[in-house]
Amino acid sequence: MSRVVVIGAGLAGLVAALRLAEGGADVTVVASGSGGLPLSPGVVDVMGYAPERVDDPRAAVAALAGSDHPYAHLAPALDEALAWFRDRVPALRYTGEAGVNMLLPTAVGVPRPTALAPASMAAADLRGGRRLVAVGLRALKDFFPALLADNLAAAAGLPAPVQVRHAEVDASPRPGWADVAPQVFARALDDPAFRRPFADALRGLAEPGETLALPAVLGLARPGEVHDDLQERLGRPIAEIATVPPSVPGMRLDSLLRAAVMRAGGRVVLGTSAVGPAGGAGRLAGVRVREAARERVLAADAVVLATGGFAAGGLELDSHGALRETVLGLPVAGPPEGERGLSARHLDRQPLMAAGVRTGADGRPIDAGGAVVWENLWAAGAIVAGAQPWREKSGEGIAIAGGYRAAHAILEAT
């Protein structure tokens with residue numbers, strides 16, 4: 001049985017770990033804390049903008065062949081990886097596919113292109129036209145139904161008319177509290193005892209043909225049961241809209257993937273920071289990790305680096321403009337010399353944000369001359385150079401395909 005250390009507990013790291021554990025590898029995931037999933041909306045973006053809004057993400061990915069974008073190498077694995085991923089989290093009932101983008105409303109009323117979404121969120125797909133009632137919960141301060149309704153009604157470029165009105169209800173698991181977090185609502189709705197008064201508060205808000213659009217708090221451990229139960233009680237379709245972080249849909253996905261890794265025989269160790277490589281001469285012997293004040297080596301036959309980019313701490317930019325990969329000291333590919341890395345306008349092209357570790361076609365990191373750095377090291381997710389996921393809406397597709405491809409390569413090699 002091969003020993004594999006996965007550095008990072010975000011989507012790419014957990015996908016790689018789960019695929020490896022299912023394949024019989026002895027897998028340990030190490031991370032200083034939870035990855036970015038609890039901050040994410042829980043959908044799977046494949047390619048949303050290139051640079052205009054994309055209707056067919058599979059075609060947009062195929063158009064990147066021969067480029068420096070991660071999809072240039074990941075495209076062949078994309079559909080298989082997405083199908084595998086959906087099968088591993090059946091409780092979330094993901095719907096959609098890589099060839100068509102849905103348009104889902106965000107919490108501020110912007111149509112968001114995305115390829116896969118939980119069924120409860122896909123119920124708000126705007127492509128065919130929709131009549132929505134955006135419902136706020138007075139004790140939930142990070143969801144503004146009037147703002148959502150106004151912005152969505154004014155949104156340009158929708159393929160069919162959308163009608164939106166808004167309402168607000170007092171139902172709360174903590175009566176009298178002025179501010180209740182979304183995860184508190186979600187845990188309370190896992191209990192049928194709270195669902196009854198919650199449904200009573202919503203009854204009569206939606207007319208025939210309208211969909212109730214609620215903040216995404218419909219259960220944490222049993223979201224499918226909660227969604228179905230409320231729809232049956234109310235006799236109206238219900239859709240969830242992701243809120244600002246912390247995100248209940250992201251928490252659901254994080255919890256399910258971590259549990260799946262452990263059921264498959266893997267280990268997920270949080271609070272342990274990877275601090276450097278062990279061994280050399282073309283092959284890693286393991287990874288140096290720090291726990292509290294103690295440092296030790298986790299021996300490994302293979303390593304997956306999935307630490308994320310700047311936001312996750314996988315990359316750093318010092319005051320002199322030098323880029324650094326923070327764990328293994330790998331070469332970092334940044335903007336071409338003389339090119340300005342950042343623009344003052346947020347939505348402009350930001351070359352610095354495409355910085356990362358360059359990989360070969362098989363996902364192994366390479367140096368500036370194209371040579372593999374360590375033969376038993378793979379990289380996956382936002383640490384890989386060439387993409388701007390925040391702008392393209394491509395992050396989850398890259399993470400899932402990259403983690404899956406890395407795991408497949410390791411299993412084949414060992």
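**View A. Who sits around phenylalanine 85.** Skip the neighbours within four places in sequence, and phenylalanine 85 is in contact (heavy atoms within 4.5 Å) with Leu11, Val15, Val44, Tyr94, Leu253, Leu257 and Ile400. Keep in mind that this is a predicted model, where local features need pLDDT of at least 70, side-chain atom pairs count only at pLDDT 80 or more, and totals for chains, interfaces and linings use all residues. Residues are numbered from 1 along each chain as its sequence is written, and side-chain values use heavy atoms, with hydrogens and water left out.

**View B. The largest nonpolar core.** A nonpolar core here is a set of buried Ala, Val, Leu, Ile, Met, Phe, Trp, Tyr and Cys residues joined through side-chain atoms within 4.5 Å; buried means under 20% relative accessible area, exposed over 50%, and partly exposed in between (1.4 Å probe, protein chains only). The largest one has 57 residues, and Leu20, Tyr71, Phe85 and Leu257 touch the most other members. Elements that each supply at least two residues include strand 1 (3-7), helix 3 (71-88), helix 9 (248-263) and helix 11 (395-413). Helices (H or I, at least four residues) and strands (E, at least two) are DSSP runs, numbered from the N terminus. Apart from this core lies another, of 43 residues, with Leu148, Ala167, Leu205 and Leu212 among them.

**View C. Helix 6 under wraps.** Seven of the eight residues of helix 6 (residues 182-189) are buried, so the rest of the structure largely encloses this helix. The buried ones are Pro182, Gln183, Val184, Phe185, Ala186, Ala188 and Leu189. Their cover includes strand 7 (130-137), helix 7 (192-202), helix 8 (223-234) and helix 9.

**View D. A buried arginine.** Arginine 252 is found in helix 9 and counts as buried because its relative accessibility is 3%. Its side chain reaches the backbone oxygen of glycine 219 at 2.7 Å. Not counting residues up to four places away in sequence, arginine 252 also touches Leu92, Ser120 and Glu240, among others.

**View E. Two cis peptide bonds.** Most peptide bonds are trans. The bond from alanine 50 to proline 51 is cis, though, with omega near -5°, and proline 51 is in the loop between strand 2 and helix 2. Another cis bond joins proline 245 and proline 246, with omega about 0°.

**View F. Positive phi at alanine 292.** Alanine 292 isn't a glycine, yet its phi is positive, at about 55°. Look for this residue in the loop between strand 13 (286-291) and strand 14 (294-299); alanine 292 counts as exposed, at 77% relative accessibility.

Key. A polar contact is a pair of N or O atoms within 3.5 Å; within protein, one must be able to donate a hydrogen and the other to accept it, and residues adjacent in sequence count only if both atoms are side-chain atoms.
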